[in-house]
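Morning, everyone. I have one model to walk through today, so let's get it up on the screen.

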Amino acid sequence: MTPPIPEPTLRTATLADLPALRVLVERAYRGETARQGWTHEADLLDDERTTDEDLADAITDQAARVVVLAEADGALVGTVTVTNQGHGRSYLGMLCVDPELQAGGMGRRLIKAAERTARERFGARLMEMTVIDSRPELIAWYQRRGYVLREETRAFPVPGDHPFAMVVLENYLD
């Protein structure tokens, strides 16, 4: 059973967070450490999930907000990125929680923070996201959070011959 997670401090990431943020994202998505959690892509992909440049771009982009979750001692335990798509729409991306803390409510907290950020910062009424189509348990988890699966797929965003695509989910924000 996952230990209870202390009430986190939410804040917007800065470039000073980049090294710790990169470690968190790679830990949650790829490699052996990711397998400690249930949301990883380690069985599907073995490359890096992101780069320092991509994270720096997201942190400095005025149309995006990287919301970082920090414990009281300052350790990063989760992150999510919200991007303004205009016309009342935002995109939720790169949601991840430290594998040792998954299944403890952190993901739900991050989604709520992302939705609040989308409404307050960008005036969004709709949040969109994409998930690898071969992850039915993750798709179902998002559906339990109010996200509806659209009848749309998109190409996987990483070059190469991958046997999967991205499905699109959306949620109307309160």
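Thr130 lies in strand β5. Leaving out residues up to four places away in sequence, Thr130 touches Tyr91, Arg154, Met166, Val167 and Val168. Touching, or contact, means heavy atoms within 4.5 Å.

Ground rules next. This is a predicted model, in which local features need pLDDT of at least 70 and side-chain atom pairs count only at pLDDT 80 or more, while totals for chains, interfaces and linings use all residues. Residues are numbered from 1 along each chain as its sequence is written, and side-chain values use heavy atoms, with hydrogens and water left out.

Now the overall layout. The protein has five helices and seven strands. Along the sequence the pattern reads β-α-α-α-β-β-β-α-β-α-β-β. Helices (H or I, at least four residues) and strands (E, at least two) are DSSP runs, numbered from the N terminus. Of the 174 residues, 49% are buried. Buried means under 20% relative accessible area, exposed over 50%, partly exposed in between, with a 1.4 Å probe and protein chains only. The accessible surface comes to about 8,900 Å², and carbon and sulfur atoms hold 51% of that. Those areas come from the Shrake-Rupley method with a 1.4 Å probe; for residues, only the protein chains shown count as cover. Take the contacts with a separation of 6 or more: 64% of them are between residues 24 or more positions apart.

How far can we trust it? The average pLDDT is 81, and 80% of the residues score at least 70. pLDDT is the predictor's confidence in each residue, from 0 to 100. Where is confidence lowest, and where highest? Lowest is helix α2, residues 31–34, at a mean of 48; highest is β7, at 95. Two stretches need a flag. Over residues 34–38 pLDDT stays under 50, and the model has 20 contacts there beyond four places in sequence. Over residues 40–46 pLDDT also stays under 50, with 25 such contacts. Where pLDDT is low, the predicted coordinates should not be read in detail.

On to helix α5, residues 136–144. Leu138, Ile139, Trp141 and Tyr142 are buried there. Seen down the axis of α5, the buried residues fall within an arc of 155 degrees, so they line one face of the helix. That arc is taken over the directions from the helix axis to the C-beta atoms. On the other side of α5, Pro136 and Arg144 are exposed. What covers the buried residues? The cover includes β4 (89–97), α4 (106–122), β5 (126–132), β6 (148–154) and β7 (166–172). Just after α5, Gly146 takes a positive phi of about 100 degrees.

Rings of Phe, Tyr and Trp (its six-membered ring) pair if their centres lie within 6.5 Å; planes under 30 degrees apart count as stacked, over 60 as edge-to-face and the rest as tilted. By that rule, there are two aromatic pairs. Trp141 and Tyr142 have ring centres 5.1 Å apart and planes at 80 degrees, so that pair is edge-to-face. Tyr142 and Tyr147 have centres 6.3 Å apart and planes at 75 degrees, so that pair is edge-to-face. Ring pairs link Trp141, Tyr142 and Tyr147 into a cluster. Relative accessible area is 11% for Trp141, 8% for Tyr142 and 2% for Tyr147, which counts as buried.

Last, backbone angles. Most residues other than glycine have a negative phi, and most peptide bonds are trans. His87 has a positive phi, near 55 degrees. His87 sits in the loop between β3 (76–86) and β4, and is exposed at 78% relative accessible area. Met94 also has a positive phi, near 50 degrees. Met94 lies in strand β4 and is buried, at 13%.
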